[in-house]
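Hi,

Here is the structure I said I would pass on. Have a look at it first, and then read my notes below.

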Amino acid sequence: MNLTLLSPAKLNLFLHILGRRTDGYHQLQTVFQLLDYGDTMNFALRDDKQIVLSKAIAGIENEDNLIIKAAKALQTSTGSHQASGVTIQIDKQLPMGGGLGGGSSNAATTLVALNHLWRTNLNCKELCDIGITLGADVPVFIQGHSAWAEGIGEQLQAIDLPEKWFLVIKPDCHVPTIDIFSREELTRDTLAITVAAFFEQGGKNDCELVVCKYYPEVAKALKWLRNHTTARLTGTGACIFAAFSNESDAKRVYKEALKQGEENRWACFVAKGINQSAVLPFLS
């Protein structure tokens with residue numbers, strides 16, 4: 001059996017940091033917007049019980065790859081070591097350190113796909129319990145719906161967002177999440193807001209000032225995009241984005257970004273916001 005799924009990107013439409021927990025994690029509020037753009041993953045069953053990634057991802061050892069970790073975690077938690085193995089192919093489009101959730105999305109897609117192919121029959125909550133051990137953003141991709149999130153990002157409430165078009169720019173830098181969350185000057189006392197307040201007033205990204213301070217490439221890209229429209233950092237960076245009501249407006253600014261990108265080594269893409277991802281039909 002084969003299964004091919006899109007492992008989608010996400011944007012944080014805002015990111016408020018409410019405080020820091022004793023375990024080092026941060027209390028957050030955010031909205032996860034899923035996109036119709038991401039990595040394409042193919043899962044093919046094999047009969048030798050091996051988990052094989054057909055091509056290593058540059059810069060990541062297999063034992064550190066969240067795809068492999070997710071597959072092994074599913075085996076361990078279900079006792080399914082006798083299940084068929086799998087060969088996983090990935091057409092990687094999402095950059096590392098971009099704030100688009102690529103690794104978390106890959107892990108979530110792997111859990112959902114193998115739960116289906118291996119017939120381990122875990123429900124969504126059980127998959128999310130595994131996913132949170134791999135990363136705070138994994139559960140939203142398992143649930144497959146744009147969402148309001150609290151806690152460390154794992155307390156999710158599915159919401160329907162206007163399906164806007166987004167221009168996303170990746171400056172020529174990698175921003176490790178741990179670097180930003182370890183900075184003492186990071187704002188950690190933003191007051192909580194409600195879902196209704198977000199829809200009325202929006203929000204901000206508390207990581208933006210710190211990222212721009214230590215990663216001037218991000219500050220430069222934000223300044224350029226803000227000359228055209230409202231722009232914001234996603235997650236802890238490095239990607240920035242702008243929302244548009246239609247595809248033509250997004251592509252108009254995208255063409256200008258491509259010209260700038262030739263000089264500044266930016267990667268750019270246009271994607272549509274979606275409320276549901278391709279994993280939903282495969283959840284038990």
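**A glutamine in strand β2**

Let me start with Gln 33, which sits in strand β2, the stretch covering residues 26-46. Bear in mind throughout that this is a predicted model. Gln 33 is buried, with a relative accessibility of 1%. Its side chain has a polar atom 3.1 Å from the backbone oxygen of Ile 274. Leaving aside residues up to four places away in sequence, Gln 33 touches Ala 9, Lys 10, Leu 11, Leu 13, Ser 146, Leu 161, Pro 162, Phe 166, Gly 273 and Ile 274.

Next, have a look at Thr 109, which belongs to helix α2 (residues 102-117). Thr 109 is another buried residue, at 1% relative accessibility. A polar atom of the Thr 109 side chain is 2.8 Å from the backbone oxygen of Ser 105. Beyond residues up to four places away in sequence, Thr 109 is in contact with Leu 5, Leu 6, Ser 7, Met 41, Phe 43 and Val 279.

Helix α2 also packs against α1 (residues 66-78), at an angle of about 35 degrees and with 8 Å between the axes. The crossing of these two helices is right-handed. On the α1 side the contact is made by Leu 66, Ile 67, Ala 70, Ala 71 and Leu 74, and on the α2 side by Gly 103, Ser 104, Asn 106, Ala 107, Thr 110, Leu 111, Leu 114 and Asn 115. Sorted by class, that contact has 8 nonpolar residues, 5 polar ones and no charged ones.

Gly 131 is buried, at 0% relative accessibility. Apart from residues up to four places away in sequence, Gly 131 touches Leu 111, Val 138, Pro 139 and Ile 142. The C-alpha atoms of Gly 131 and Phe 141 are 9.3 Å apart, with the two residues 10 places from each other along the chain.

**Cysteines**

How many disulfides does a search of the whole structure find? The count is 0.

- The peptide bond from Gly 237 to Ala 238 is cis, with omega near 15 degrees. Ala 238 is in the loop between β8 (232-233) and β9 (240-244).
- Lys 49 has a positive phi of about 65 degrees, although it is not a glycine. Lys 49 lies in the loop between β2 and β3 (51-53), and at 38% relative accessibility it is partly exposed.
- Arg 265 is another residue other than glycine with a positive phi, here near 60 degrees. Arg 265 is in the loop between α9 (247-264) and β10 (267-274), and it counts as exposed, at 63% relative accessibility.

Cheers

Terms used: Residues are numbered from 1 along each chain as its sequence is written. This is a predicted model: local features need pLDDT of at least 70, side-chain atom pairs count only at pLDDT 80 or more; totals for chains, interfaces and linings use all residues. Side-chain values use heavy atoms; hydrogens and water are left out. A disulfide is a pair of cysteine sulfur atoms within 2.5 Å. Helices (H or I, at least four residues) and strands (E, at least two) are DSSP runs, numbered from the N terminus. Buried means under 20% relative accessible area, exposed over 50%, partly exposed in between (1.4 Å probe, protein chains only). A polar contact is a pair of N or O atoms within 3.5 Å; within protein, one must be able to donate a hydrogen and the other to accept it, and residues adjacent in sequence count only if both atoms are side-chain atoms. Contact means heavy atoms within 4.5 Å. Axes are lines fitted to C-alpha atoms, for helices over the stretch in contact, and angles run from 0 to 180 degrees between N-to-C directions. A crossing is left-handed if the near helix is turned anticlockwise from the far one by less than a right angle, and right-handed if clockwise. Ala, Val, Leu, Ile, Met, Phe, Trp, Tyr, Cys and Pro count as nonpolar, Asp, Glu, Lys and Arg as charged, and the others, Gly among them, as polar.
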